Amino acid sequence: MAERANNRKRTTRSVFIALFAAIIGVSGFVAIPAGPAGVPIVLQNMMVLLAGTVLGGFQGAAAVGLYILGGVLGLPVFAGGRSGLASLASPSGGFIVGYFIGAAAAGIFLQAPSVEEQRVTARQSFRVALAS
């Protein structure tokens, strides 16, 4: 019985990691060009921090790592529909690497909420804002 519960928990975690990786990838298509530097403002920045705060440090970083792996392997998930290893050397490549660190840091700082935390308090809201 306990093994079945552990398998269900692992499956749920894997689904959420894959779901957040997909959300991060899709949010890269919502981009606003930002001047001659060529680094667009994208919705991905928010989704990466959301993955870290919702899933926690390890799983948020795993979702971002899966997103990066997909982009390096050729899926057009980076900002502007780009992909490939060369995207990591572009002006926005630092953001891509920083996404992994940002999701992990936000999740580790915030920590996973416990089951007892049913209501959203001002303290929790402040911690989420500070983690982001």
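**Exercise 1.** What span should the 26 residues of helix 1 have at 1.5 Å a residue, and how far apart are its end C-alpha atoms?

*Solution.* The model is a predicted one. Helix 1 covers residues 2–27. At 1.5 Å a residue, its 26 residues should span 38 Å. The end C-alpha atoms of helix 1 are 37 Å apart, which agrees with that expectation.

**Exercise 2.** Determine how helix 1 is oriented relative to helix 2, and describe their contact.

*Solution.* Begin with the axes: those of helix 1 and helix 2 come within 8 Å and cross at roughly 165 degrees. Angles over 145 degrees count as roughly antiparallel, so helix 1 is roughly antiparallel to helix 2. The handedness of this crossing is right-handed. Next, consider the residues: helix 1 contributes Phe 16, Ile 17, Phe 20, Ile 23, Ile 24, Gly 25 and Ser 27, while helix 2 contributes residues including Met 47, Leu 50 and Val 54. By class, this contact has 11 nonpolar, three polar and no charged residues.

**Exercise 3.** Determine how helix 1 is oriented relative to helix 3, and describe their contact.

*Solution.* Helix 3 comprises residues 57–72, and its axis comes within 8 Å of that of helix 1, crossing at roughly 50 degrees. The two helices are therefore oblique to each other. Helix 1 passes helix 3 in a right-handed crossing. Among the residues that meet are Arg 13, Ala 18 and Ala 21 in helix 1 and Gln 59, Ala 63 and Tyr 67 in helix 3. The contact divides into 10 nonpolar, two polar and one charged residue.

**Exercise 4.** Which residues of helix 1 are buried?

*Solution.* The buried residues are Ile 17, Phe 20, Ala 21, Ile 24, Gly 25 and Ser 27. Their cover includes helix 2 and helix 3.

Terms used: Residues numbered from 1 in each chain as written. Predicted model: local features only at pLDDT ≥ 70, side-chain atom pairs only at ≥ 80, totals over all residues. Heavy atoms only, no water. Axes fitted to C-alpha atoms, helices over the stretch in contact; angles between N-to-C directions. Helix = DSSP H or I, 4+ residues; strand = E, 2+ residues; numbered from the N terminus. Parallel < 35°, antiparallel > 145°, perpendicular 65-115°, else oblique. Left-handed = near helix turned anticlockwise from the far one by under 90°. Contact = heavy atoms within 4.5 Å. Nonpolar A, V, L, I, M, F, W, Y, C, P; charged D, E, K, R; others polar. Expected span 1.5 Å × (residues − 1). Buried < 20%, exposed > 50% of the residue type's maximum accessible area, 1.4 Å probe, protein only.
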